[in-house]
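Here is a short briefing to read with the structure at your side. Take a moment to look around the model, then follow the topics in turn.

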Amino acid sequence: DLWNDYSTPPYYIDKEKKAMTGTRGQFVELILNGEYRGIYCMTENMDRKQMKLKKYDEQTQTVHGQLWKSKEWTYATMMGTSPDGSYWPKYDLSATDGYSEMWDQYNVKYPALEDVSPTDWSTLYDAVDFVCHATDAKFKSQVKEHFDLPLVIDYYILMETILATDNHGKNMFFAVYDKQEDKRVTFGVWDMDATCGQRWSDAYYHWEGMQPEQDYAQYISINEHGDYNLFKRLRDTDADDFNMQVRLRYRDLRNGHLATDRILERFRTYLNRFKLCGA
């Protein structure tokens, strides 16, 4: 719910379709077999229907919409940054297997492997390979052919704003709405409990190093598994005027969804709701 009114459909999708790139949820109190178990947030999962991905054509056996999720930090999920801390070593990617639901910690979600086998990894593989190995000149001129940049910009700003420590490489959804028409990859927001002062390890709960004013890229480079290579290359090459586009988009959002009062109001609303329910 912290980001519900922030999520927007990708720029090349008709907004009337109301495609969601985040999840909706409601807080509930759980009573199990007469025992009170506390407050939980019941949320949707990311799926084809929510993201308005075009269905697999069973008659022609044609893949259209696709959805994947990254589970852990790896060279592939970091798109070229090695989890050991080395930046852009340009290692070769591991081979894909169309009969496996996993590729280097990417998990295929749609079409599901039990429904369409072998699965098609080529669109995701090509996008990851591009970030890992394209020259700076090629990256700068062609990145917008591989990624939905306006959505990437929104995602980047969200990560920076709430200091998300667990959502660069890991805990991300990747989608293509119809690979037969457009192979650009877009992002989906997921599993953002390690934000706003919380790290992914509860050993660092309210750790003083999680102050909000620090630079996001610097923080994840020093304290996490390295800078997300797609973000770093976009900044370093300034592809498609990325740096200015981030500034302009952030300026607009600070007058709306990311205004200080609106951010604080989200927390106040839920805090008051928890107090009133007596939990």
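## A loop to begin with

Gln-105 is placed in the loop between strand 4 and strand 5. Helices (H or I, at least four residues) and strands (E, at least two) are DSSP runs, numbered from the N terminus. This is a predicted model, in which local features need pLDDT of at least 70 and side-chain atom pairs count only at pLDDT 80 or more, while totals for chains, interfaces and linings use all residues. Residues are numbered from 1 along each chain as its sequence is written, and side-chain values use heavy atoms, with hydrogens and water left out.

**Backbone features in the loops**

- Gln-105 has a phi near 75°, a positive value in a residue other than glycine.
- With 28% relative accessibility, Gln-105 counts as partly exposed; buried means under 20% relative accessible area, exposed over 50%, and partly exposed in between (1.4 Å probe, protein chains only).
- Asp-104 also lies in the loop between strand 4 (102-103) and strand 5.
- Although Asp-104 is not a glycine, its phi is positive, at about 45°.
- Asp-104 has a relative accessible area of 28% and is partly exposed.
- Pro-111 belongs to the loop between strand 5 (106-110) and helix 2, and the peptide bond that leads from Tyr-110 to Pro-111 is cis, with omega near -10°.
- Pro-118 is found in the loop between strand 5 and helix 2, and the peptide bond from Ser-117 to Pro-118 is cis, with omega near 5°.

**The sheet**

- In what order do the five strands of the open sheet come? The order is 4-5-3-6-7, and the pairing is antiparallel; two strands pair if DSSP finds at least two bridges between them.
- Strand 4 and strand 7 are at the edges with a single partner strand each, so one side of each has no neighbour in the sheet.
- Strand 3 (residues 66-70) pairs with strand 6 in the antiparallel sense, over five bridges.
- Ser-70 has Met-172 in strand 6 as its bridge partner.
- Strand 6 is joined to strand 7 (residues 186-188) by three bridges, and these two strands run antiparallel.
- Opposite Phe-173 stands Gly-188 in strand 7.

- Is strand 6 (residues 172-176) largely enclosed by the rest of the structure or left open? Five of its five residues are buried, so strand 6 is largely enclosed.
- Strand 6 is covered on both faces, with Met-172, Phe-174 and Val-176 buried on one side and Phe-173 and Ala-175 buried on the other.

**Helix 4 against helix 7**

- Two packed helices are described by the angle between their axes and the distance between the axes.
- Helix 4 (residues 149-162) packs against helix 7 (residues 242-254) at an angle of about 65°, and their axes are 10 Å apart. Axes are lines fitted to C-alpha atoms, for helices over the stretch in contact, and angles run from 0 to 180 degrees between N-to-C directions.
- Helix 4 and helix 7 are therefore roughly perpendicular to each other; angles under 35 degrees count as roughly parallel, over 145 as roughly antiparallel, 65 to 115 as roughly perpendicular and the rest as oblique.
- The crossing in which helix 4 passes helix 7 is right-handed; a crossing is left-handed if the near helix is turned anticlockwise from the far one by less than a right angle, and right-handed if clockwise.
- From helix 4, Ile-153, Asp-154, Tyr-156, Ile-157 and Thr-161 meet Phe-242, Gln-245, Val-246, Arg-249, Tyr-250 and Leu-253 of helix 7, where contact means heavy atoms within 4.5 Å.

**A closer look at Thr-161**

- Thr-161 is in helix 4, and at 26% relative accessibility this residue counts as partly exposed.
- Leaving aside residues up to four places away in sequence, Thr-161 touches Tyr-250, Leu-258 and Ile-263.
- Between Thr-161 and Glu-72 there are 23 Å in space, C-alpha to C-alpha, and the two are 89 residues apart in sequence.

**Helix 2 against helix 6**

- Helix 2 (residues 122-133) and helix 6 (residues 229-237) have axes that come within 10 Å and cross at roughly 50°.
- That angle makes helix 2 oblique to helix 6.
- Helix 2 and helix 6 cross in the left-handed sense.
- Phe-130, Val-131 and Cys-132 of helix 2 make the contact with Asn-229, Leu-230 and Arg-233 of helix 6.
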